Amino acid sequence: MIYRCSVLAVVFAVVAIGPAAAQKAKDALRYAVTDPIKLLSTYQFPSREGSFFAREIYNTLITYRERDQTFAPALAKSWKRVGPTTIEFDLRDDVTFHNGNKFDADDVVHTIAWIGDPKTKMPFKNVYDWVKAVEKLGPHKVRVESNEVLALDLIRIAYRFEIYDKETQTALADWSDYGRLAVGTGMYKLARFDDNLGLLLKRHEDYKLGRKAPFGTVASVPIPDRSTQIAQITVGGVEAIQDVTPDQMKQLMAN
């Protein structure tokens, strides 16, 4: 199972009142977002709301389970530290991207090399530039080498290194536009990216890395005004909002 903080985690409030429960019966979750989501990319647009959706679309090589403080396989089925600064990953050979392309070592090497390239502009570049080299050892095996001994290398790989489809990204005139296509291997795939209507994600039926997505669709609903968000969750216009204060929660639970 993949353990990552996401739009389905308990970082927002889901209030099961009458209309909301009815919407859940329709196998759908609508999530109110305050700020515009410009890209589904935690690399180039690491907004909190955008990241909730991006983390359901992409996968990392490994994950970290906070509950028992252990690492778990994801796109990599196993890994080993072969030196103080070197880790080798054996990758799964049964995973496909949402567009049907097969996942393999080329995608890992491409993604890590791209985010580490000095020409690739992104916030928090220092989170990624510790990688000295990434090397393909076989169709489903890669080696990652750091510039120096780094205690947090596995943690950063687990939380930060979301893998892109090389074939799709390199076909773009501007590789940064990948965040509007958002082709991943996660439990949800992007069905709509609209600046006005919001995002629409659909369950990835061929997902192999853990449990199936709990909702058939997950949508972002742009609502910049906080009071309107409260009103919408009360009448069933959305099922999820975040940053609920204790007083607001009492108000909602009393409804």
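Visitor: Which residues are linked with E88 in a network of salt bridges?

Guide: E135, K141 and R143 are linked with E88 in that network. A salt bridge here is a Lys or Arg side-chain nitrogen within 4 Å of a carboxyl oxygen of Asp or Glu. Keep in mind this is a predicted model, where local features need pLDDT of at least 70, side-chain atom pairs count only at pLDDT 80 or more, and totals for chains, interfaces and linings use all residues. Residues are numbered from 1 along each chain as its sequence is written, and side-chain values use heavy atoms, leaving out hydrogens and water.

Visitor: How far apart are R143 and E135?

Guide: Their closest N and O atoms are 3.4 Å apart. R143 is partly exposed at 27% relative accessible area, and E135 is partly exposed at 39%. Buried means under 20%, exposed over 50%, partly exposed in between (1.4 Å probe, protein chains only).

Visitor: What does β8 pair with?

Guide: β6 pairs with β8 in the antiparallel sense over five bridges, and six bridges join β7 to β8, also antiparallel. Pairing takes at least two DSSP bridges.

Visitor: New topic: what does E239 meet in a salt bridge?

Guide: R30, at 2.5 Å, N to O.

Key
Helices (H or I, at least four residues) and strands (E, at least two) are DSSP runs, numbered from the N terminus.
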